[in-house]
Amino acid sequence: MSTSINIIGCGIIGATIAYELSQSSECQINVYDSQQPNQAATGAALGVLMGIISQKVKGRAWNFRKESITRYQSLIPELEKLTGLNIPYNSQGIVKILPPEEDLTKWEQLVATRTEQEWQLELWNSRKITTKLPQINRQFTGTAVYSPQDLQVDPVALTNALIAAAKKNGVKFHFDRLIESITADNPLSCDISTLNLPIITSDWVIVAAGLGSTSLLAPHAPIEIQPVLGQAYQIRLPKPLGNPDFQPVIISDDVNIVPCGGNDYWVGATVEFPVDGVMVAQPEALAKIKQIAINICPMLATGEIIRTWQGLRPRPNHRPAPVIDRVGTNKRVLVATGHYRNGILLAPATARIISDMLVVV
Ligand SMILES: Cc1cc2nc3c(=O)[nH]c(=O)nc-3n(C[C@H](O)[C@H](O)[C@H](O)COP(=O)(O)OP(=O)(O)OC[C@H]3O[C@@H](n4cnc5c(N)ncnc54)[C@H](O)[C@@H]3O)c2cc1C
């Protein structure tokens with residue numbers, strides 16, 4: 001017997017859930033979004049997948065990361081094959097430049113733990129940094145951590161490919177369709193309502209609406225998702241930074257320098273909280289990350305900024321990110337939201353958990 005599922009929100013989380021569930025012929029899936037794809041957090045993301053290099057070593061946080069990095073290794077080629085679309089991604093890993101005052105013991109321990117867990121992580125000394133990454137300012141060539149198995153992926157291309165692949169598997173997408181409310185009174189089904197249109201009923205509703213999740217879920221559960229603004233920019237250089245054949249993502253002082261093709265790099269992102277309830281991008285926050293990036297790679301001062309953008313990360317208030325749960329009196333409303341700074345990274349594990357939750361309790 002087939003199961004009907006309505007997914008609200010088509011950022012990376014809703015799109016990944018739709019694609020992964022679409023591989024079961026038993027699911028009839030509809031996805032609703034109030035906008036066109038990639039207009040919210042996902043469209044602003046840098047797509048850096050900090051899994052193996054993260055300090056998480058056990059429990060849910062590590063398992064989510066490990067599972068997602070593993071799935072990405074097959075997901076990207078699978079989607080490219082299925083859709084014929086190109087998904088730009090960088091498999092040369094992530095290099096994190098450590099500040100001089102950093103306690104190296106915790107990184108040495110992490111390298112040992114990852115080796116035990118059969119993942120690769122290396123500590124580089126200054127000679128290795130200078131040889132591998134001549135673009136780094138000598139002042140910062142103390143120690144670095146290199147994670148060769150972490151990735152970076154273009155979030156917009158990835159989301160578009162997920163949508164195209166899910167469509168091929170029969171999922172129906174409804175863009176520019178704002179869902180106004182969810183009703184979960186019937187023990188066997190849920191209703192969603194949208195302005196001036198008949199109520200839409202399904203066996204399950206999955207809320208993956210990022211910042212829109214709070215108001216949709218309010219009648220069912222108090223899940224407060226707060227915006228945290230991020231600004232980033234794309235810079236074009238006269239030639240690639242350092243060795244053109246080795247272009248990993250470079251991270252220092254929380255600033256990512258992300259090769260994005262040709263001589264272009266994305267640099268970001270700021271982390272800005274609302275001030276007195278008002279969320280406005282701060283020019284000085286952007287200036288600060290520009291300065292940090294130039295300090296690390298002085299050649300960035302020679303580039304031309306060709307694009308600047310901002311986005312709002314969905315961050316749960318008073319609880320850890322992300323929120324993946326069952327709500328509603330009938331427990332048929334599932335929520336997958338609040339992925340804050342790691343939504344692209346955690347999308348595959350989120351989709352698997354949601355898929356496991358599609359059973360009656
Ligand atoms: C500048 C920046 C850089 C980032 N870099 C990274 C990174 O390097 N790596 C990483 O892993 N993460 C990164 N992130 C975080 C990542 O972007 C988010 O965690 C992720 O995109 C969240 O995805 P989502 O699908 O939950 O939300 P969104 O992408 O916000 O999608 C939610 C969707 O729900 C729709 N919606 C909302 N309410 C309704 C409604 N009532 N009815 C219908 N539709 C509705 C919206 O229109 C939207 O399309 C970054 C974020 C920013 C802003």
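Start by selecting Arg326, which lies in strand β19 (residues 323-327); helices (H or I, at least four residues) and strands (E, at least two) are DSSP runs, numbered from the N terminus. The model is a predicted one: local features need pLDDT of at least 70, side-chain atom pairs count only at pLDDT 80 or more, and totals for chains, interfaces and linings use all residues. Residues are numbered from 1 along each chain as its sequence is written.

Arg326 has 14 C-beta neighbours inside 10 Å and therefore counts as partly exposed. With C-beta atoms placed from the backbone, a residue is buried if 20 or more other C-beta atoms lie within 10 Å of its own, exposed if 12 or fewer, and partly exposed in between. Beyond its neighbours within four places in sequence, Arg326 is in contact with Lys331, Leu334 and Met357; contact means that the C-beta atoms of two residues, placed from the backbone, lie within 7 Å.

Next, select helix α3 (residues 59-83) and helix α9 (residues 343-357). Their axes are 7 Å apart and the helices pack at an angle of about 100 degrees. Axes are lines fitted to C-alpha atoms, for helices over the stretch in contact, and angles run from 0 to 180 degrees between N-to-C directions. The pair α3 and α9 is therefore roughly perpendicular; angles under 35 degrees count as roughly parallel, over 145 as roughly antiparallel, 65 to 115 as roughly perpendicular and the rest as oblique. On the α3 side, show Phe64, Arg65, Glu67, Ser68, Arg71, Tyr72 and Leu75, which meet Leu345, Leu346, Ala347, Pro348, Ala349 and Arg352 in α9. The residues of this contact divide into 8 nonpolar, 1 polar and 4 charged. Here Ala, Val, Leu, Ile, Met, Phe, Trp, Tyr, Cys and Pro count as nonpolar, Asp, Glu, Lys and Arg as charged, and the others, Gly among them, as polar.

Now colour the chain by domain: domain 1 (3-86 + 154-224 + 318-357) and domain 2 (91-149 + 226-314), with bounds that come from an automatic or database domain assignment. Taken over C-alpha atoms, the centres of domain 1 and domain 2 are separated by 28 Å. Between them, 20 residues of domain 1 are in contact with 27 residues of domain 2. On the domain 1 side, α2 gives the most, with 3 residues. By class, that side has 12 nonpolar, 6 polar and 2 charged residues.

Move to the ligand. Its shell draws at least three residues from each of domain 1 and domain 2. Of the 42 residues around the ligand, Gly11, Gly210, Gly212, Gly230 and Gly343 come nearest; a residue is near a molecule if its C-beta atom, placed from the backbone, lies within 6 Å of it. At least two shell residues come from each of α1 (12-22), α2 (41-44), β14 (225-236), β18 (304-316) and α9. The shell divides into 22 nonpolar, 17 polar and 3 charged residues.

Stay with α1. Its 11 residues are buried, 11 of 11, so the helix is largely enclosed by the rest of the structure.

Finish in β18 with Ile305. Ile305 counts as partly exposed because it has 13 C-beta neighbours inside 10 Å. Leaving aside neighbours within four places in sequence, Ile305 is in contact with Tyr233 and Ile235.
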